[in-house]
Amino acid sequence: MSRLTSALMLSVLCATSLVTLANEHKLNPATGLVDATGHNMVAAHCTACHSAKLISQNQMSRERWLETIRWMQSTQKLWPLGEAEPVILDYLTTWYGPKIQSRRAPIPTHLMPQGSD
Ligand code: HEC
C-alpha cells in the first residue's frame with residue numbers, strides 16, 4: 001500500500017472518530033455520568049452507597065427508575081429525595097432511558113455515501 005493511500009486512510013479514520021466524539025455527550029470526569037442538567041443532584045444523592053456505574057449500565061423507563069428508587073428506599077435505607085426526585089427522574093430517563101428512545105433515526109439512503117467505482 002502506498003504511503004499516500006495510508007495517509008488518506010488515516011485521515012478518514014481520524015475524521016470519523018472526531019464526528020463520533022462530537023455526537024457523544026460530555027461525561028463528568030468525577031462520576032462518569034453525562035454532564036447535563038440534574039447531574040449534580042444525581043451525584044449528590046446517588047453515588048453515596050455505590051458506584052455511578054450501577055446507574056450508567058442501566059437503561060430504564062421513568063417508571064422503572066422510580067421503582068428502583070422506591071426499592072432502595074424500602075430496603076437499602078435510601079433517604080426521601082424530596083424536590084430533587086423529579087429532577088433526578090428527568091435526568092435518569094433522558095440519559096439512561098430505554099435505548100430505543102435515544103437512538104437517532106436511520107440516515108436516509110440519499111444521504112449515504114455512494115460507491116466510488
Ligand atoms: C443509601 C444507599 C443508596 C443510595 C443513596 C442509592 N442507592 Fe442505589 N442501591 C443501593 C444498594 C445497596 C443497591 C444494591 C447493590 C447491589 O446489588 O450490589 C443499589 C442498587 C442500585 C441499582 C441497581 C438495581 C438493580 O436492579 O440492579 C441502581 C440502578 C441504583 N441503585 C441506582 C441508584 C440511584 C439512581 C440512586 C439515587 C436516586 C441511588 N441508587 C442511591 C443503595 C443505595
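Contacts come first: with a separation of 6 or more, 55% of the contacts in the protein chain join residues 24 or more positions apart. The model is predicted. The protein chain holds six helices and zero strands.

**Fold and surface**

- From the N terminus on, the order of elements is α-α-α-α-α-α.
- The protein chain has 117 residues, and 22% of them count as buried.

**Iron site**

- Two protein donors reach the iron atom of the ligand: H50 through NE2 and M72 through SD. They lie 2.0 Å from the iron atom.
- H50 sits in the loop between α2 (39–46) and α3 (53–56), while M72 belongs to helix α4 (residues 62–75). The pair links distant parts of the chain, 22 residues apart.
- The site has six donor atoms and is octahedral, with angles of 86 to 180° among them.
- For six octahedral donors, the ideal angles are 90 or 180 degrees.
- M72 has a relative accessible area of 18%, under the 20% limit, so M72 is buried.
- H50 has 26% relative accessibility and therefore counts as partly exposed.

**Cysteines**

- The whole structure contains zero disulfides.
- C46 is buried, at 16% relative accessibility. C49 is exposed, with a relative accessible area of 65%.

**Salt bridges**

- The count of salt bridges is three.
- R62 and D90 pair through their side chains at 2.7 Å, N to O. R62 is in helix α4 and D90 in helix α5 (residues 84–95), so this pair links distant parts of the chain, 28 residues apart.
- Both partners are partly exposed: R62 has a relative accessible area of 36%, and D90 has 40%.
- R70 and E85 form a salt bridge at 2.9 Å, N to O. R70 lies in helix α4 and E85 in helix α5, so the pair ties together parts that are 15 residues apart in sequence.
- R70 is partly exposed at 38%. E85 counts as buried, at 15% relative accessibility.
- E67 and R64 meet at 3.5 Å, N to O. Both lie in helix α4, three residues apart, or about one turn of the helix.
- E67 is partly exposed at 47% relative accessibility, and R64 is partly exposed at 42%.

Key: Residues are numbered from 1 along each chain as its sequence is written. This is a predicted model: local features need pLDDT of at least 70, side-chain atom pairs count only at pLDDT 80 or more; totals for chains, interfaces and linings use all residues. Side-chain values use heavy atoms; hydrogens and water are left out. Helices (H or I, at least four residues) and strands (E, at least two) are DSSP runs, numbered from the N terminus. Buried means under 20% relative accessible area, exposed over 50%, partly exposed in between (1.4 Å probe, protein chains only). Contact means heavy atoms within 4.5 Å. A disulfide is a pair of cysteine sulfur atoms within 2.5 Å. Donors are N, O and S atoms within 2.8 Å of the metal (3.2 Å for Na, K and Ca); water is not among the atoms, so sites may look incomplete. Four donors count as tetrahedral if all angles lie between 85 and 135 degrees; four count as square planar and six as octahedral if opposite donors are over 155 degrees apart and all others between 65 and 115; anything else is irregular. A salt bridge is a side-chain nitrogen of Lys or Arg within 4 Å of a carboxyl oxygen of Asp or Glu.
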